[in-house]
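Dear colleague,

I am handing over the structure below, with notes on what was found in it. Please look at it alongside the text.

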Amino acid sequence: MTNPYIPNLTVIRKITTENEAKDIKTFELTFKDSEAMKNFKYRCGQFAEISVFGAGECPIGIASSPMDKDAIQFTVKRVGVVTTALHNSEEGTVMGVRGPYGNGFPMERLEGRNVVIVGGGFAFTTLRSLANFILHKANREKFKDLTVIYGARNPGELIYKYDLEAWKKRDDINLNVTIDSAVPGWKGLVGFVPAVLKDVAPSSDNAIAVVCGPPIMYKFTMPVISELGFSPENVLLSFEMRMKCGIGKCGRCNIGEKFVCKDGPVFTYKEFQRMPKEY
Amino acid sequence: MKWKVIEKSKLPNLIGELAREYEIFAPVDRKSIGSFERLASGSEVSLDSRNTKKPPKDVFIPQTETLFTYKTGKQEVELAAPQVVIGQRVVLAVRPCDAKSFVLLDKFLSSGEYKDAYYKEKRKNTTIVGLACNHPLSTCFCTSLGGSPHGKEGLDVLLQDINDKYLIEPITERGEKLIEKFPWLKEAERADIDKAKKLSDDAEAAVKSKVSIDGVDNKLDGMFDDPIWEQICQKCLNCGICTFFCPTCCCFDVLDEDGKRIRIWDSCQFSCFTLHGSGHNPRPSGKERMRQRIMHKFNYFVKTHGESFCVGCGRCIQECPVNLDIREVVGAISALPTDKRSDND
């Protein structure tokens, strides 16, 4: 019988500090067993359970794109026991990874459509995976216009600056990066994500919006999304919950009868509206 | 297969014979609470007491269980999964309510895309021998949940105390095979079976407390924001004893300790159960946690697995330090007028 609780062994190949506060880092992992790497087939929006042996395990969204074949990336904020242990790890450290888990984004629904990505804070990780997947030369023509609206508190808190720079140079992405309030030296957009979304006003025609951010961002973004004419089934939300097992057994991440780990973490706004308000 | 009988005085012999081939778990009164433990000897079994305080779930879901061990070197990590089951097991004298809990746990833990390997492996290698209840307690309400003091669901063999003897009824093929190992067992006589029938009928009638469960699942659909949760949770201490002693509650935490990745029983009644790393908590107070427990048992599980996640054993009622009675909670929900429902859709 396959045992879902046993992780694959991986090695940290590269650690990138993402923000000025230095509490968000991207860990690039390679599998020790090349078969395990091949078997780790994931789609954008899925997550995995990362083990730091001796500290424990935690669920983290996959930040790399499924087109990146030789390594997987996780962007992790230092908040608890496991993430702190992870942050204290060095390149070359052996970690465990099991997964991928969750439903991920329904890519077949996004194909042939305009895609509007709306992200706030460091919840941008799986959205970055999605943007990079769409922008890959093997995929780009499967999707129509790509609009990205991404906001952080201040310029120092923007993650994936190297990606943002690369995207800025392309003409097949409408990139809108914003910070909450003006600071000297910042020449880009200023304002909260919902306000910028309103200004950018991407068409809802043949479009799907993918939204991920802190709960407060959802609260103010959803009315704008609706105003723009996106019907609830064409809006995808990705949720976070405290999780342990990642496979629907440990019992804590449910919203109503749905487990965020196995029935989500991606739900349409239509599904979300029918869920009990407990998140 | 014919029903058998065994004189009570011979039971230790049977257990002794069984022990040569099986690991035996049975109710014992070690540690001053009745619980199912691995038997050291046949005479240790305590079949006269009423149901054990601790349910037999830990035969399959130990309170702490090693998922694997790890050895960390400088650049290397070695993992080793433990052998889940060493040999075949028998769980002896499981009460029908608890046997039903295994059926419900199977639905949850052994189903779906991911199966719980540790639970499933143990279940696969275990024969369940039940013991009918002749004397239900005042807190028992198994009959309200489709069970019965002599119910057979989840059992391979059912024993029933008929004064000086136990009547032995095979239920499954696995149960028959177990009984066949004891050719010296006498066949039951008509009088034994009649006596058992009478005791069963009396026991069924003795389950006096009835909870009206019909339609409660539907009613709960519209009650997520109902003020009732605020009222019910007032006296609850969130101590979690109801979930600890519940035969179906199986939530767990996972952590690393001394070279082992372990899982350990956890409870939805604790505030840290759902606390996010950010500090946000979707179930910040007793109200939400009480709602989760009741909703999970009588609404969510019905939606996902077709029946309530409660067997009516009454342990949560017996052990609650503030006398919170799940029958009263379900009764109160059941008594609410249907038009009170606010449809979420």
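**Helices and sheet**

In chain A, helix 6 (residues 193-200) lies across strand 7 (114-120), strand 8 (146-152), strand 9 and strand 10, and runs at about 150° to strand 8 of chain A. Helix 7 (residues 215-227) of chain A also packs on the sheet, where it touches strand 7, strand 11 (207-212) and strand 12 (235-238) of chain A. The direction of helix 7 makes about 165° with that of strand 11 of chain A. Bear in mind that this is a predicted model.

The sheet in chain A is open, with seven strands in the order 10-9-8-7-11-12-15 and mixed pairing. Its edges are strand 10 (189-190) and strand 15 (266-268) of chain A, each of which pairs on one side only. Strand 10 of chain A pairs with strand 9 (residues 174-179) of chain A in the parallel sense, over two bridges. In strand 10 of chain A, A:Leu189 stands opposite A:Thr178.

**Domains and chains**

Chain A is assigned domain 1 (8-101) and domain 2 (107-238). Taken over C-alpha atoms, the centres of these two domains of chain A are 24 Å apart. Their contact involves 17 residues of domain 1 and 16 residues of domain 2 of chain A. On the domain 1 side there are seven nonpolar, six polar and four charged residues.

Between the chains, 34 residues of chain A and 40 residues of chain B make up the contact. The chain A side has 15 nonpolar, nine polar and ten charged residues.

**Confidence**

The model scores ipTM 0.91 and pTM 0.93. Chain B has a mean pLDDT of 92, with 97% of its residues at 70 or more.

Regards

How values were computed. Residues are numbered from 1 along each chain as its sequence is written. Chains are lettered from A and ligands numbered from 1 in the order in which they are written. This is a predicted model: local features need pLDDT of at least 70, side-chain atom pairs count only at pLDDT 80 or more; totals for chains, interfaces and linings use all residues. Domain bounds come from an automatic or database domain assignment. Two residues are in contact if their C-beta atoms, placed from the backbone, lie within 7 Å. Ala, Val, Leu, Ile, Met, Phe, Trp, Tyr, Cys and Pro count as nonpolar, Asp, Glu, Lys and Arg as charged, and the others, Gly among them, as polar. pLDDT is the predictor's confidence in each residue, from 0 to 100. Two strands pair if DSSP finds at least two bridges between them. Helices (H or I, at least four residues) and strands (E, at least two) are DSSP runs, numbered from the N terminus. Axes are lines fitted to C-alpha atoms, for helices over the stretch in contact, and angles run from 0 to 180 degrees between N-to-C directions.
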